[in-house]
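Open the model in your viewer and keep the selection tool ready. The stops below say what to select and what is there.

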Amino acid sequence: MQLVREILGSADEPRYRGRRIEPLLVDWAEASKGRLRRTAEGGTDVAVVLERGSYLAEGAVLLDDGERIVVIRRVRERALVVRFDETAGAEALVCAAVLLGHALGNQHAPMEIDGMELRVPLTTSEEVARATVDRLGLSAVRIEVAEVALGARRPLAVGHAHDSHGGDRHG
């Protein structure tokens with residue numbers, strides 16, 4: 001077993017050129033965990049114990065033996081993908097963004113924004129996820145379910161949290 005206590009860098013750095021890459025597959029929910037035990041695709045048993053706040057982004061190098069590097073690769077997962085129509089005009093786009101943020105935030109749905117796309121992991125059925133967006137009647141968006149690498153660069157944002165006194169804390 002190889003113990004990892006820190007992220008060494010990113011696989012695209014020049015110092016890692018020419019190294020054989022051994023991928024370690026991680027999904028979006030696991031990427032923020034401080035502790036993880038997994039076998040990389042080449043058979044290396046890896047135990048990850050990182051400081052709080054660390055994030056296993058796509059391309060993060062966990063091990064380097066001079067010949068090969070163990071690198072985080074994001075698993076492609078089913079997600080609701082909402083594409084905003086750039087030709088719809090500012091008012092329609094703002095309206096769509098606010099209504100989607102409210103609807104998904106009330107469901108505490110994790111989400112990711114990538115350019116003109118909003119990606120939400122399917123934590124419920126596809127039908128329920130589509131219905132949530134369809135009910136809003138938005139003309140400035142198209143929706144589909146697709147396999148995407150969620151949280152490749154940073155953690156997904158999560159809808160608002162409720163404190164123990166019933167008030168809202170947005171973030």
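Contact means heavy atoms within 4.5 Å. This is a predicted model, in which local features need pLDDT of at least 70, side-chain atom pairs count only at pLDDT 80 or more, and totals for chains, interfaces and linings use all residues. Residues are numbered from 1 along each chain as its sequence is written, and side-chain values use heavy atoms, with hydrogens and water left out.

Start with the whole chain, coloured by pLDDT (the predictor's confidence in each residue, from 0 to 100). The mean over the protein chain is 90, and 92% of its residues reach 70 or more.

Now select residues 160-171. Here pLDDT stays under 50, and the model has 15 contacts beyond four places in sequence for this stretch. Where pLDDT is low, the predicted coordinates should not be read in detail.

Next, select Pro155, in the loop between strands β11 (141-148) and β12 (157-158). Strands (E, at least two residues) are DSSP runs, numbered from the N terminus. Which residues does Pro155 touch, leaving aside its neighbours within four places in sequence? They are Ser32 and Tyr55.

Last, select β1 (2-4), β4 (35-39) and β5 (45-49). They form an open sheet in the order β1-β5-β4, with mixed pairing; two strands pair if DSSP finds at least two bridges between them. β1 and β4 stand at the edges with a single partner strand each, so one side of each has no neighbour in the sheet. Three bridges join β1 to β5, and these two strands run parallel. Within this pair, Leu3 has Ala47 as its bridge partner.

Notes:
Helices (H or I, at least four residues) and strands (E, at least two) are DSSP runs, numbered from the N terminus.
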